[in-house]
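Have a look at the picture first, and then we'll go step by step.

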Amino acid sequence: MKKRQSLRAIFAIPLLLALASVAGLVVALTGDGLRDAASWLALGIPVVAVGWAMRTRRT
């Protein structure tokens with residue numbers, strides 16, 4: 001029988017990905033230059049997470 005996970009454990013990673021996405025979008029809309037790089041970094045985190053999840057599910 002599997003051990004039940006708490007709501008915090010279940011929603012922690014999706015919440016962090018959502019916060020990174022929102023932060024990236026807000027930073028992209030508020031400036032240029034270094035803020036563009038920061039927004040690309042923040043918006044790239046969910047993409048990397050999806051790639052990592054797909055890779056680990058296949059193995």
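**Starting at the loop**

Gly33 counts as partly exposed, because its relative accessibility is 49% and that label covers whatever lies between buried (under 20% relative accessible area) and exposed (over 50%), using a 1.4 Å probe and protein chains only. You'll find Gly33 in the loop between α1 and α2. From Gly33 to Pro14 it's 19 residues in sequence and 28 Å in space, C-alpha to C-alpha.

A quick word on what you're looking at: this is a predicted model, where local features need pLDDT of at least 70, side-chain atom pairs count only at pLDDT 80 or more, and totals for chains, interfaces and linings use all residues. Residues are numbered from 1 along each chain as its sequence is written, and side-chain values use heavy atoms, leaving out hydrogens and water.

Now for the helices, which are DSSP runs (H or I, at least four residues) numbered from the N terminus. Helix α1 covers residues 7-30, while helix α2 covers residues 34-58. How do they pack? Their axes, lines fitted to C-alpha atoms over the stretch in contact, are 8 Å apart at an angle of about 155 degrees. So α1 and α2 are roughly antiparallel to each other, a label for angles over 145 degrees.

Next, pick out two residues. Leu7, in helix α1, is exposed, with a relative accessible area of 61%. Trp40 lies in helix α2 and is exposed too, at 69%.

Notes
Helices (H or I, at least four residues) and strands (E, at least two) are DSSP runs, numbered from the N terminus. Axes are lines fitted to C-alpha atoms, for helices over the stretch in contact, and angles run from 0 to 180 degrees between N-to-C directions. Angles under 35 degrees count as roughly parallel, over 145 as roughly antiparallel, 65 to 115 as roughly perpendicular and the rest as oblique.
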